[in-house]
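Please look over the sequence and the structure first, and then read the points below beside them.

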Amino acid sequence: MKLNIIAVGQRPPVWVSEAFVDYAKRFSAELNVRLTEIPLRKRTSTADINRLMHQEGTDMLKHIASNSLAIALDVQGQSWSTPVLVTQLNAWMQQGRDVNFVIGGPEGLAPACLDRADKRWSLSALTLPHMLVRVILIETLYRAWSVVKGFPYHR
């Protein structure tokens with residue numbers, strides 16, 4: 001099974017990359033974690049933000065297979081506790097379907113990504129920097145996986 005994290009933005013700060021890699025390498029081979037970075041289109045004072053988001057969304061959707069699940073990280077989404085995420089992750093693992101987590105840019109996700117999503121998940125009622133979301137997401141997924149596997153990390 002694969003966990004694909006598809007995120008708008010390239011060249012994250014070093015601490016984001018290091019934290020992401022640190023958690024990603026902790027997963028066993030049965031749960032392959034991959035990060036796909038979608039270039040953030042240049043924002044200028046005259047840029048058409050909706051058009052830029054649409055282009056980014058189109059690029060994101062190209063990386064989601066039709067038979068896989070898509071989870072949109074969205075402040076308007078449903079809040080999940082760790083036990084709920086553990087249940088979700090365990091079900092996904094038993095189904096063997098790949099799961100894609102999509103993280104938007106500074107303005108959020110394109111409507112097409114939200115429409116494609118099987119679920120919308122809010123990590124917090126707070127608006128979080130999109131680069132920080134990568135770290136929170138990978139740590140949260142690792143925590144849930146460690147519970148599924150019976151590892152002591154989650155305590």
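**Salt bridges and overall form**

Arginine 43 has a relative accessible area of 24% and is therefore partly exposed. This residue belongs to a predicted model, and its side chain meets that of glutamate 56 in a salt bridge with an N to O distance of 2.5 Å. The pair links distant parts of the chain, since glutamate 56 sits in helix 2 and arginine 43 in the loop between strand 2 and helix 2, 13 residues apart.

Other salt bridges
- The structure holds ten salt bridges, and one of them joins the side chains of arginine 41 and aspartate 59 at 3.0 Å, N to O.
- Arginine 41 lies in the loop between strand 2 (32-38) and helix 2 (49-61), while aspartate 59 lies in helix 2, so this pair ties together parts that are 18 residues apart in sequence.
- Arg41 and Asp59 also belong, with Lys62, to a network of salt bridges.
- Glutamate 139 and arginine 143 form a salt bridge of 2.8 Å, N to O, and these two residues are four apart in helix 5 (residues 130-149), which means that about one helical turn separates them.

- Glutamate 56 counts as buried at 2% relative accessibility, as does aspartate 59 at 18% and glutamate 139 at 15%.

Overall fold
- The protein chain has five helices and five strands, which follow one another from the N terminus as β-α-β-α-β-α-β-α-β-α.
- Its radius of gyration is 15 Å, close to the 15 Å that the globule rule gives for 155 residues, so the protein chain is as compact as a globular protein of that length.

How values were computed
Residues are numbered from 1 along each chain as its sequence is written. This is a predicted model: local features need pLDDT of at least 70, side-chain atom pairs count only at pLDDT 80 or more; totals for chains, interfaces and linings use all residues. Side-chain values use heavy atoms; hydrogens and water are left out. The radius of gyration is taken over C-alpha atoms; the globule rule is 2.2 Å times the number of residues to the power 0.38. A salt bridge is a side-chain nitrogen of Lys or Arg within 4 Å of a carboxyl oxygen of Asp or Glu. Buried means under 20% relative accessible area, exposed over 50%, partly exposed in between (1.4 Å probe, protein chains only).
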